[in-house]
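User: Could you walk me through reading surface patches and ring contacts? I'd like the general idea first, then the case at hand.
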Amino acid sequence: PPPPPRGRGGEPIRAIRTYFGDVFNVYDALGLCLATVKLSAHVHTSLWRDVSGDKANWLPLITSAAALPLGLRLMRGFYLNVTLGPFLHMVLKMVRDVVNIILVSLPVLVSFACAFHALLSGAISAGELDGCSTPGNP
């Protein structure tokens, strides 16, 4: 028998890291996992008629959570188009910028919300704001 090849012990791990290095592959794996959970839950509830209470309420949640990453699979095909590829790249950069702006402004918004809650929580519980007039309600 030939000797086993050398230096190939880390190839599966390297292949998995390379595969998940692409963001679209991460979304594919997430969407397929959620779709599998949804399908198995649907089969379980269909076969055993177990749709009582909270068990039936989370099925639409899993369906919508699986639809988002699976819908992003279509964007991979847009990269191949001459017109849509650069447009999609530009849109993704703009989304990244918007997320950065939201992350920077989020602590400021939360701090203002906490300050207004601290200032107005006593007044609201005491009923002091009941007699105040608003622009729509004199």
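User: Let's start with Tyr-79: what does its relative accessibility make it count as?

Analyst: Keep in mind that this is a predicted model. Buried means under 20% relative accessible area and exposed means over 50%, with partly exposed in between. Tyr-79 comes out at 33%, so it counts as partly exposed.

User: And how many aromatic pairs does a search of the whole structure find?

Analyst: Three aromatic pairs turn up. One of them joins Tyr-19 and Phe-20, edge-to-face, with 5.1 Å centre to centre and 80° between the planes. Tyr-19 is partly exposed at 39% relative accessible area, and Phe-20 is partly exposed at 39% too.

User: Now the surface: which residues form the nonpolar patch?

Analyst: Leu-74, Phe-78, Leu-84, Phe-87, Met-90 and Met-94, with about 580 Å² of accessible area together. To join a patch, a residue needs over 30% relative accessible area. Phe-78, for example, has 38% and is partly exposed.

User: Which helix gives the largest share of the patch?

Analyst: Helix 5, with four residues. Helix 4 (73-78) and helix 5 (84-126) each supply at least two, and Phe-78 has its place in helix 4.

Terms used:
Residues are numbered from 1 along each chain as its sequence is written. This is a predicted model: local features need pLDDT of at least 70, side-chain atom pairs count only at pLDDT 80 or more; totals for chains, interfaces and linings use all residues. Side-chain values use heavy atoms; hydrogens and water are left out. Patches are made of residues with over 30% relative accessible area and no salt bridge: like charges are joined within 9 Å, nonpolar side chains (Val, Leu, Ile, Met, Phe, Trp, Tyr) within 5 Å. Accessible areas come from the Shrake-Rupley method with a 1.4 Å probe; for residues, only the protein chains shown count as cover. A salt bridge is a side-chain nitrogen of Lys or Arg within 4 Å of a carboxyl oxygen of Asp or Glu. Buried means under 20% relative accessible area, exposed over 50%, partly exposed in between (1.4 Å probe, protein chains only). Rings of Phe, Tyr and Trp (its six-membered ring) pair if their centres lie within 6.5 Å; planes under 30 degrees apart count as stacked, over 60 as edge-to-face and the rest as tilted.
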